[in-house]
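Subject: Structure for you, with notes

Hello,

Here is the structure I promised to pass on. My notes follow below it.

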Amino acid sequence: MKSTDLEKVASQVRRDIVRMVHGVASGHPGGSLGCTDLLVSLYFEAMDLKTDEQDSVVFDMSGSGEDMFFLSNGHISPVLYSVLARRGYFPVSELATFRKLDSRLQGHPATAEHLPGIRIASGSLGQGLSAAAGAAYGKKLRKDPHLVYCLMGDGEQQEGQIWEAASFIPHRQLDNLIAFVDFNGQQIDGPTDVVLNNRDLGKKYEAFGWTVLHMDGNDLTDVAATLKKAKQASGKGSPICIIMKTEMGQGVDFMMHTHKWHGTAPNNEQLAAALAQLDETLGDY
Amino acid sequence: MRTYTFTEKKDTRSGFGAGMAELGRKNPDVVALCADLVASLKLDTFIKENPERFIQCGIAEANMIGVAAGLTLSGLIPFATTFANFGSSRVYDQIRQAVAYSNKNVKICVSHAGLTLGEDGATHQVLEDIGMMKSLPGMTVINPCDFNQTKAATIAIADYEGPVYLRFGRPVVPNFTPADQPFEIGKAIVLNEGADVSIFATGHLVWQALEAGKLLVEQGIDAEIINIHTIKPLDKEAILKSIYKTGCAVTAEEHQMNGGLGDSVAQVLSLNHPAPLEMVAVNDSFGESGTPDQLMEKYGLTAASIVAKALAVIQRKK
């Protein structure tokens, strides 16, 4: 997909995010908006996904013969749900059920309701990288050459389990795994370096044995180029970690440059102000 | 009283190791994971014969549980192994979210459960794991009684689709279960039929219950002894069938009274057929260092305790 087309999808996904969160007056718009460009780039361009004869995506829990994506920071479920729906995993109309009773779109991603595209629950932080490691290990044992992607938050790097997985993955030479850290520098209680300073995450991952790349996660051209570079670096003995600089709330001016929209829903006026900044490119749900 | 004999005493963890060795040969999807306790879990044969299907995780149990959950996606059957304390309380949130809630086909197999871990003391003697695990929706909880039963259970859970917590231990205990007895998950085993009192025992306490049965015969009491190797799903039918006959029960386990087998049996009785119940279990206390036998004696997990509780509960029958 051309980057202008990816831009269109991203704009619609951002509209979906603010509308979903507004619709239920809860959820996490900030990180969702910040990671929109990455998820759109992955699902609409970079990932090799299973499709049928009509070229529609087909969800297979096993993920065999295709690339897999794991969302470790499950609270940014709005962006994942929107991208999955827009990519064709389930009807776009279902986005209206987000966080409501009897919905498949739980507050945090879950498998119990069998939502296509979700392979494991996430929400309690720090666990996704381990699950991705298991999936990548499974691909090695099954001799499946496809890749496993995993997105984590930067606040989430404070969880100890992340560093258990960060040791395990290079030690086991899982060079079919590409991890992202959403480096937006914000978490619920304030700036990440004030709450609990992560120091230099790139150097940390390097010290653990990863190949580390950096990118501007809100620049579709840079995302495409870095994903290409990461794929080329895969299969060479080391896993790849991409430190992805993003702006929490990207695309909605009043949600940017603050941690305040981490987990807050816009009211009616704020919704209108947000939507005025985001083109409706694919039709609202 | 039916007589049970054994030719040797063996540890249940070796039963697990033997089961894994057999699974390694017959099921190519079985993968073993361990957190730096290979010798304690008796995984040597499995690893020697299937080195590519063994994943050493190091002292990083939380990651091990997540890796196991991820492995299930490609149809592999991961057996995640460590000490019971580190495979339950240390990683409860990981088991809850990545295994139970996500309904992944992970087998959490843990040794050194309970007081009989011995000299290492209370930091390692988990007595709360059955309670934690049975609280999780969809989790199967198994606590076999001897070498042969642990081996059979290990093999059986590979054929069952869903999360399982398999708990066993360190000391040698009489190996009386027939080697060819198939293991049926959730199906209690009546070891002795009796009319005066039901004794529901699990794990290492099953042999103690048989010893208690013999002592009770000397006092003219005819005890029904049932091996509850699966705590969840609990064989309610077998429990009620026995209680309709005897009218009272004793439970026996190497676990806290809170959350253990006794709790589960109490629930079945009060919801269906209230009857006097006494429990042989650790009573809201941590363990301590000592030999397994000393600890079982001090904390009252013995045949003599079961006898005393049986006599007391019979008195409570109207």
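A salt bridge here means a side-chain nitrogen of Lys or Arg within 4 Å of a carboxyl oxygen of Asp or Glu. By that rule, the structure holds 23 salt bridges over all chains. Please keep in mind that this is a predicted model.

The side chains of A:D37 and A:R14 meet at 2.8 Å, N to O. A:D37 sits in helix α3 (residues 36-46) of chain A and A:R14 in helix α1 (residues 3-24) of chain A, so the pair ties together parts that are 23 residues apart in sequence.

**What UniProt says**

- Chain A: an unreviewed UniProt entry places "domain: Transketolase N-terminal" at residues 8-274. That span of chain A is 39% helix and 12% strand. Its end C-alpha atoms lie 16 Å apart.
- Chain B: an unreviewed UniProt entry places "domain: Transketolase-like pyrimidine-binding" at residues 10-175. Here the chain is 36% helix and 19% strand. The end C-alpha atoms of this span are 6 Å apart.

**Where chain A meets chain B**

The contact takes 30 residues from chain A and 27 residues from chain B. Together the two chains bury about 2200 Å² between them. Of that area, 55% is on carbon and sulfur atoms.

Which residues of chain A lose the most area to chain B? They are A:Q127, A:R142 and A:E164, together 25% of what that side buries.

A:R142 turns up again in the salt-bridge search. The rule finds one salt bridge across the interface of chain A and chain B. In a salt bridge, the side chain of A:R142 meets that of B:D29 at 3.0 Å, N to O.

Three elements of chain A each supply at least two residues of the side that touches chain B: β1 (68-71), α5 (128-141) and α6 (160-171). α5(A) gives the most, with eight residues. By class, this side of chain A has 14 nonpolar, 11 polar and five charged residues.

**Inside chain B**

Chain B is divided into domain 1 (9-174) and domain 2 (189-316). Taken over C-alpha atoms, 25 Å separate the centres of domain 1 and domain 2 of chain B. Their contact takes 33 residues from domain 1 and 32 residues from domain 2.

How much area do domain 1 and domain 2 of chain B bury between them? About 2500 Å², with 59% of it on carbon and sulfur atoms. On the domain 1 side, B:L115, B:L127 and B:K134 supply 26% of the area buried against domain 2. That is more than any other three residues.

The side of domain 1 that touches domain 2 draws at least two residues from each of α5 (129-134), β6 (140-142) and β8 (172-174) of chain B. The largest share, four residues, comes from α5(B). By class, this side of domain 1 has 15 nonpolar, 12 polar and six charged residues.

- The peptide bond from B:K232 to B:P233 is cis, with omega near -5 degrees. B:P233 is found in the loop between β12 (230-232) and α8 (236-246) of chain B.
- B:H112 has phi near 60 degrees, a positive value in a residue other than glycine. B:H112 lies in the loop between β5 (107-111) and α5 of chain B.

Best wishes

Key
Residues numbered from 1 in each chain as written. Chains lettered and ligands numbered in written order. Predicted model: local features only at pLDDT ≥ 70, side-chain atom pairs only at ≥ 80, totals over all residues. Heavy atoms only, no water. Domains from an automatic or database assignment. Contact = heavy atoms within 4.5 Å. Buried area = accessible area lost by both parts, 1.4 Å probe. Nonpolar A, V, L, I, M, F, W, Y, C, P; charged D, E, K, R; others polar. UniProt positions renumbered as here; feature names shortened; annotations may be inferred.
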